[in-house]
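Hi,

Here is the structure I promised you, with some notes on its charged pairs and its interface. Have a look at it first, then read on below.

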Amino acid sequence: MALVHDITNDLIDKSMTPEVLADLYAQGILEIQDIAKALSIEVFEVPFLLEKLGATRPLHVILMSSDEIAAKLAKIQSDRLARNGTPVYSKEAVVRDIVSSQRLEGLDAREWARKELKL
Amino acid sequence: VNDPTRTYSKQEVETLNENQLVLLTEIYQGNWSERDANVRLLCQIHKRIFTGVRGFAGLHRSPHFGSDRVNFYGSLRSPHKDEVPFGLQKILEKVQTCLLEWKGQEDQSNYDLVCIQLALKTHADLIGLQPFEDGINAPAEPL
């Protein structure tokens, strides 16, 4: 799945509708970040869109092979080592965490997030 | 039927967002990185998030406070409040023990996997215990 993410720029056609993009997400071909880029929206908006369109991934798409797990862990490790194990502040990441956390509690913080990020 | 404890007014949601913004900014800036994992830390996180929203900010369920049991994810029931203090202590002791065991081993190839598994298991254990009246996701994620 990690490799899929690297080739998606070639796959995304700017005229693709949200429905088509959501279907590609459900198949594991696109990631949330790809859809945000294709639709020129913030990453935190995408889960709400996917939910609205009923796009869900079946278990066989979610499960990773041992090679995919190893590649993902290597990427996580290299990111951690690059920042010396310390967290790196980004207002976008903080706001995204809040929207995501509130969503789990059934709250919608998108309007607040848009204001906070001056979108 | 909406649970009044977990239903928030527009103003309360705004306060929750602002409280989390300040707290997470401090965490992302590394100000909380050296803290030990313990019940006090989790309660401090809860207090920071729910101050100005709920009077019980920072208080976990216990024999002296809170509902006997709380519902979560629809039909699931939490353990009794009498079990919360010991349950919380057990969960957070496991976290602290694991953190100490792995300190200085950041170069090990399975370090990240262990951290991810620890975070997921801790979050799941906290969900199962439901130590607070108003849900656990908001304080468990920063932890």
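A definition to start with: buried area is the accessible area (1.4 Å probe) that two parts lose on being put together, summed over both. Chain A and chain B bury about 2200 Å² between them, and 56% of that is on carbon and sulfur atoms.

Some housekeeping before the rest. This is a predicted model, so to speak of a local feature I need pLDDT of at least 70 and for side-chain atom pairs 80 or more, while totals for chains, interfaces and linings use all residues. Residues are numbered from 1 along each chain as its sequence is written, chains are lettered from A and ligands numbered from 1 in the order in which they are written, and side-chain values use heavy atoms, with hydrogens and water left out.

Back to the interface. In terms of contact (heavy atoms within 4.5 Å), 24 residues of chain A meet 29 residues of chain B. The two chains share 1 salt bridge, meaning a side-chain nitrogen of Lys or Arg within 4 Å of a carboxyl oxygen of Asp or Glu. That salt bridge joins B:Asp112 to A:Arg80, at 2.7 Å from N to O. On the chain A side, helix 6 (66–82), helix 7 (91–104) and helix 8 each supply at least two residues that touch chain B; helices here are DSSP runs of H or I, at least four residues, and strands are E runs of at least two, both numbered from the N terminus. Helix 7 gives the most, with 9 residues.

Now for the charged pairs inside each chain. Over all chains, the search finds 12 salt bridges. One of them pairs A:Glu45 with A:Arg114, with 2.8 Å between the closest N and O atoms. A:Glu45 sits in the loop between helix 3 (32–39) and helix 4 (46–53), and A:Arg114 in helix 8 (residues 110–116), 69 residues apart. A:Glu45 is buried at 13% relative accessibility, and A:Arg114 is partly exposed at 32%. (Buried is under 20% relative accessible area, exposed over 50%, partly exposed in between, with a 1.4 Å probe and protein chains only.)

A:Asp108 and A:Arg110 also pair up, again with closest N and O atoms 2.8 Å apart. Here A:Asp108 is partly exposed at 41%, while A:Arg110 is buried at 19%. A:Glu45, A:Asp108, A:Arg110 and A:Arg114 are linked in a network of salt bridges.

In chain B, B:Arg54 bridges to B:Glu12 at 3.2 Å.

Cheers
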